[in-house]
Amino acid sequence: MKRKLILSACALMASLSPSALAEVYSPGNQSNGLDALEDTPVQHGMLGAGYANTLSTNNDAQPGMLFTGRYFAGEKWYLLGELQFGTFSTRAVVQNGEEVRSDDEEMLRYSAGAGYALLQGTASTSGARAVPWVIAAELTAGEQNSGDTSGRYASLGTSVQFHGDRIWTALGVREFLVDDERLQSLESDGGTQWDISLGMWF
Amino acid sequence: MIQAHRLFTSLALTMIVLSASLVSAPRASAEQVYIGLRNGPSEAFPVIYEVTPRRHLEVIYRRGSWVKATDGRSSGWLHVDDLHLLETFPRDELWKLVNDARPGRVRPEFVLSSLDAYAVGVVFPLFSQDLFARYTRGPEGETSWSLTEFGLLNDFARPVDDLVFSWSGALGYGKDQQGSRFWDSETDDPVWVGTAGAEAMWRVDRYFEIGVRGEVATTLNSEMTTHRSASLVWRVRL
């Protein structure tokens, strides 16, 4: 009996030897090889910088810098983020003996929204080279700081874009409103902005 | 009479032979298929270049579900779903592009609420459920407040392909700021807030959704301050 037990133990030990273990089927994850392929470069959106001009009611035209980011959300839709800064006032306004707007106020605006390509087509002058163009409607909402006061900002406008292989350029026009009480009292809480931008893809 | 019978027989035989030859004869030539490459990544852009299915094209880059392809001389845009028409295009690269262009389940969102607040958040999958994290900020001034919440989003109806109805439940942390009494009438201390809502989201583009949401938020303290809101929601599928 004891001998049989020892023989069984020896057989078990032999079966657990490394060579025997190596023959045990142990499946692993199989790869289809797609991960080994190089990723195709992806264009996510457009980054741009440009010149913006703001013409508020009861105020002079004010220049500024505009930085934009557009993230493609489909064939026609994109998300839009904007940052604009520049002068807000170069002429003081006094009401009832009190200066309600000074002659050196700065403006900072940031807003986000969406754009929708209303028209898309191709422009060509020579016929040898064709440049895609897009006319888009853009709606944004955000905040505008003007001098020492601020208010919520909303705009609706259009953007005409020409898309090159490496760079793009755009012309934009929009109507805007700011719910800043001080600007409302000055009747300068709305107006028109236009901008010209140049940018690249990312 | 016999001549007429012979004439009729020969005519009938000729017709039968002709019909048989028309049925069995192979077509003279198959119609040539051309694949149009567009000037931009949308069907609204015109086709500027056509290639045969055997033309060797290389993909330069992808934008959404469109790829820009070139044969070395000319280039144009092609939808990833049309890549299989190119007989020489590598199948593994094709499937990788199709897979990469598929909309993901991670969805950043931007919300405008009837409480004069805006919110940013993200919906993300975890264990086959959609969870979300969101930060809501009330207006500046005497009623300034914020809410940071984390919750579950669950679809319950899809009447058509692009429209989804969902309910949501979340637990958050509400905070009054600048002396506001939005959440708590006595202190500025943060309070736990529970929210429940329902939303309808419409997928307007491959990676983009717009929708509306109704929500009720209640503080989980003895006051149980409740706020109801309706919101506009924009979501992007990454």
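Chain A holds a closed barrel of eight strands, in the order E1-E2-E3-E6-E7-E8-E9-E10, with antiparallel pairing. Neighbouring strands of this sheet are turned by 25 degrees against each other on average, direction ignored. For such angles, axes are lines fitted to C-alpha atoms, for helices over the stretch in contact, and angles run from 0 to 180 degrees between N-to-C directions. The model is predicted: local features need pLDDT of at least 70, side-chain atom pairs count only at pLDDT 80 or more, and totals for chains, interfaces and linings use all residues. Residues are numbered from 1 along each chain as its sequence is written, while chains are lettered from A and ligands numbered from 1 in the order in which they are written.

Strands and helices follow DSSP. Helices (H or I, at least four residues) and strands (E, at least two) are DSSP runs, numbered from the N terminus. Two strands pair if DSSP finds at least two bridges between them.

Contact requires that the C-beta atoms of two residues, placed from the backbone, lie within 7 Å. By this criterion, 22 residues of chain A touch 27 residues of chain B. On the chain A side, the elements that give two or more residues are strand E3 (77-89), strand E6 (105-123) and strand E7 (131-146). The largest share, four residues, comes from E6(A). By class, this side has 13 nonpolar, seven polar and two charged residues. Here Ala, Val, Leu, Ile, Met, Phe, Trp, Tyr, Cys and Pro count as nonpolar, Asp, Glu, Lys and Arg as charged, and the others, Gly among them, as polar.

Chain B contains two helices and 13 strands. Of its 238 residues, 27% are buried. A residue is buried if 20 or more other C-beta atoms lie within 10 Å of its own, exposed if 12 or fewer, and partly exposed in between, with C-beta atoms placed from the backbone. Among contacts in chain B between residues at least 6 apart in sequence, 40% join residues at least 24 apart. The chain is divided into domain 1 (35-100) and domain 2 (107-236), with bounds from an automatic or database domain assignment. Their centres, taken over C-alpha atoms, are separated by 41 Å.

Strand E3 (residues 58-63) of chain B pairs with E4(B) in the antiparallel sense over five bridges. Arg62(B) has Val67(B) of E4(B) as its bridge partner. The two strands form a hairpin with two residues between them. Gly64(B), in the turn, has a positive phi of about 65 degrees.E4(B) and strand E5 (residues 75-79) of chain B also run antiparallel, joined by five bridges. Ala69(B) stands opposite Gly76(B) in E5(B). This hairpin has four residues between its strands, and Gly72(B) in the turn has a positive phi of about 100 degrees. Four of the five residues of E4(B) are buried, so this strand is largely enclosed by the rest of the structure.

Further along chain B, strand E10 (residues 163-176) and strand E11 (residues 191-205) pair in the antiparallel sense over 12 bridges. Trp192(B) in E11(B) is the bridge partner of Tyr173(B). A hairpin through two residues joins E11(B) to E12(B).
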